[in-house]
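Q: Could you walk me through the pockets and the core here? I am new to this one.

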Amino acid sequence: MHIDVMVGTMSWEESADLALRLEGAGFSGMLFTETSQVPWMSIAAAATAAPTLEFSTGIAVAFPRSPMIAAQVAWELARNTGGRFRLGLGSQVRGHIVRRYSAQWDKPAPQMRDYVAAFQACIRAFRGEERLAHEGAYYNLSLLSGNWAPPRHDFEDVRVDISAVGPFMCRVAGELCDGLHVHPMHSMPYIENRLLPAVSEGAARSGRSAGDVDLIVPVFAIAGDSPEERAPKVQRAKTQIAFYGSTPNYAFQFEDLGFPGTGPKLNQLMRAGNLEGMAETVTDEMLDAFALVARWDDMADALVARYAGVAERVVLYLALDDISRSPSGLDRWGEVARAVRAA
């Protein structure tokens with residue numbers, strides 16, 4: 001099982017420096033989110049600095065980009081990282097797609113299915129396997145003359161993953177994708193009872209099994225040897241879980257776990273701007289379902305016990321705060337990373 005660190009907006013210099021430090025500490029890779037800046041240049045800087053780390057996007061926003069553009073970027077990063085890059089795509093939400101990007105939004109799962117199929121058609125055309133000829137409900141690609149085809153290279157098996165929560169998108173991942181980005185707000189019952197059955201159903205459509213789809217799993221891992229040390233991380237995790245849980249698309253998990261009414265309550269508090277009340281609504285029992293709380297010496301075993309055999313990669317959602325704050329944070333998380341990889 002691989003173990004990565006989730007990172008966000010940073011300069012190229014900061015990205016390169018962090019990559020070098022994470023590589024030295026024993027991590028597997030870095031997962032770059034896309035929020036206020038695109039991830040590509042930071043990935044290039046990090047990959048140049050750390051020649052053994054692996055890199056992914058979790059996620060890059062799909063619909064504002066042509067599948068051809070996404071394929072060209074992924075192809076170039078795969079070439080220049082020596083195959084150490086995998087593209088993670090997500091749909092985002094309607095408000096961002098329409099109002100921030102001024103892009104098309106329809107039914108996200110069918111649109112993503114067509115997007116991934118178009119992306120893969122581009123990759124096959126880049127490899128010289130077939131003429132570019134994708135005709136779908138949303139994307140039509142049919143022109144790729146020799147002057148515009150990217151150079152061939154030795155790392156042409158470009159992997160594409162998508163984020164998925166509901167059954168429709170999970171089926172798309174199972175049918176077409178190399179991997180699935182699990183939402184940070186997840187419980188193991190959700191993965192076992194909802195996500196994996198839908199992935200299996202989609203995989204069966206293309207003669208595959210759920211095991212053919214890598215699960216990339218961000219984890220609210222909270223390490224500390226005392227309640228006082230863990231307290232700020234617990235607060236941040238509860239705040240983040242409350243934020244996600246205020247959205248109906250994710251709140252069904254409270255009902256599944258026997259916490260009825262939690263989602264609507266969080267939504268009301270969100271509308272009122274009561275962030276403190278939202279975090280207080282997330283009980284310790286809820287936290288144990290959606291996060292992993294352990295002493296430093298127990299964290300690696302806890303990650304392996306929960307996710308081994310389920311996740312191809314676990315991604316530390318909160319660790320960057322510790323790593324950025326002091327050398328001891330990097331040392332402690334590095335010990336965890338090396339132990340997880342050894343296990």
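**Pockets and core**

A: In this predicted model, the largest pocket has a volume of about 1500 Å³.

Q: Which residues are the closest to its centre?

A: The lining of the largest pocket is made up of 46 residues, and the closest to the centre of that pocket are Gln 92, Ser 163, His 183, Tyr 244 and Tyr 250.

Q: And which helices and strands each supply at least two residues of that lining?

A: At least two residues each come from β1 (2-7), α4 (94-100), α5 (108-126), α6 (167-176), α7 (188-205), α8 (227-245), α9 (248-256) and α14 (319-325).

Q: How do the lining residues of the largest pocket divide into nonpolar, polar and charged?

A: There are 25 nonpolar residues in the lining of the largest pocket, along with 15 polar and six charged ones.

Q: OK, what about the second largest pocket, how much space lies in there?

A: The second largest pocket holds about 160 Å³ of space, and the residues that line it include Trp 40, Met 41, Glu 76 and Leu 77.

Q: Which helix gives the most to that lining?

A: That is α2, with five residues, while α2 (40-49) and α3 (67-80) each supply at least two.

Q: Switching topic, which residues touch the most other members in the largest nonpolar core?

A: Among the 122 residues of the largest nonpolar core, those are Phe 27, Met 30, Leu 180, Leu 303 and Trp 333, and the largest share of this core, 12 residues, comes from α5.

Q: What does Leu 303 touch, not counting residues up to four places away in sequence?

A: With those neighbours left out, Leu 303 touches Met 1, Ile 3, Val 219, Leu 292, Ala 308, Leu 316, Val 336 and Val 340.

Technical notes: Residues numbered from 1 in each chain as written. Predicted model: local features only at pLDDT ≥ 70, side-chain atom pairs only at ≥ 80, totals over all residues. Heavy atoms only, no water. 1 Å grid on protein atoms, 1.4 Å probe; cavity = no way out; pocket = protein on both sides within 12 Å on 5 of 7 lines; lining within 4 Å. Points joined across faces, edges and corners; volume = space filled by probe spheres on them. Helix = DSSP H or I, 4+ residues; strand = E, 2+ residues; numbered from the N terminus. Nonpolar A, V, L, I, M, F, W, Y, C, P; charged D, E, K, R; others polar. Core = buried A, V, L, I, M, F, W, Y, C linked by side-chain atoms within 4.5 Å. Buried < 20%, exposed > 50% of the residue type's maximum accessible area, 1.4 Å probe, protein only. Contact = heavy atoms within 4.5 Å.
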